[in-house]
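This briefing goes through a few features of one protein structure. Please look at the sequence and the 3D view before reading the points below.

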Amino acid sequence: MTFPPSIKNLIEQFSTLPGIGPKTAERLVYYLLKKPKSDLSTFGDALEHIKDKITTCQKCFNFSESNPCEICGDKRRNPAVVCIVEKPQDLFALEKTNEYAGTYHVLGGVIDALEGVTPEKLKIRELGLRLKQDKVKEVILAMNSDLPGETTILYLTKFLKQFPDIKITRLAQGLPTGSDLEYADEVTLSNALKGRSELV
């Protein structure tokens, strides 16, 4: 016996999401079938309108409902300190620590030869323009402690040498090697921010 076409289709759609295999997709679909129709309508509306409401901040390249985003538009933030992250999830993880009052720059990935991600595919050129315009004094490199993250840090360190007045730091190594910034707890990230070191 096979699934009804509508259930099969939804299972296939869930299976396209990262980290969701066929069995997990199946459980999600059957969970949704037990929910009231009003809950499903709310869920469907949230999915349908996410692309309409969310834009990319043209300054830091974070996802936001405004442009510039809330962080870039906040006059209380220090624009002279820029924390460079791989993806928006890393930015939100750092924000949860309530330890950082500077701004961010989302690269949109990390350098990864195996995946075909070269520096030209990241927001590095835009970073250079921003550093000149905003008179940045410190750049914090907040990449994951894995091979692509370390490769990106090495590349950015060389790239940033053209700005001799900018101090280059990275998060302290309280983050376990191979871990994802997105999944680190607030205490670990807070300590990593406080203990960041200058790169020479």
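Asp 134 and Arg 130 are joined through their side chains by a salt bridge, with an N to O distance of 3.6 Å. Both residues, Asp 134 and Arg 130, are buried. The model is a predicted one, and a search of the whole structure finds 10 salt bridges in it.

- Lys 8 pairs with Glu 12 in a salt bridge, and their closest N and O atoms are 3.4 Å apart.
- Both residues lie in helix α1 (residues 5-15); they are 4 residues apart, so about one helical turn separates Lys 8 from Glu 12.
- Lys 8 has a relative accessibility of 44%, so it counts as partly exposed.
- Glu 12 is also partly exposed, because its relative accessible area is 40%.

**A salt bridge between Asp 74 and Arg 76**

- The side chains of Asp 74 and Arg 76 form a salt bridge at 3.1 Å, N to O.
- Asp 74 counts as partly exposed, because its relative accessibility is 22%.
- Arg 76 counts as exposed, because its relative accessibility is 74%.

- Helix α3 (residues 37-53) has 17 residues, so at 1.5 Å a residue it should span 24 Å.
- At Leu 47, α3 bends by about 25°.

Methods. Residues numbered from 1 in each chain as written. Predicted model: local features only at pLDDT ≥ 70, side-chain atom pairs only at ≥ 80, totals over all residues. Heavy atoms only, no water. Helix = DSSP H or I, 4+ residues; strand = E, 2+ residues; numbered from the N terminus. Expected span 1.5 Å × (residues − 1). Bend = angle between axes of the 7 residues up to and from the residue. Salt bridge = Lys/Arg side-chain N within 4 Å of Asp/Glu carboxyl O. Buried < 20%, exposed > 50% of the residue type's maximum accessible area, 1.4 Å probe, protein only.
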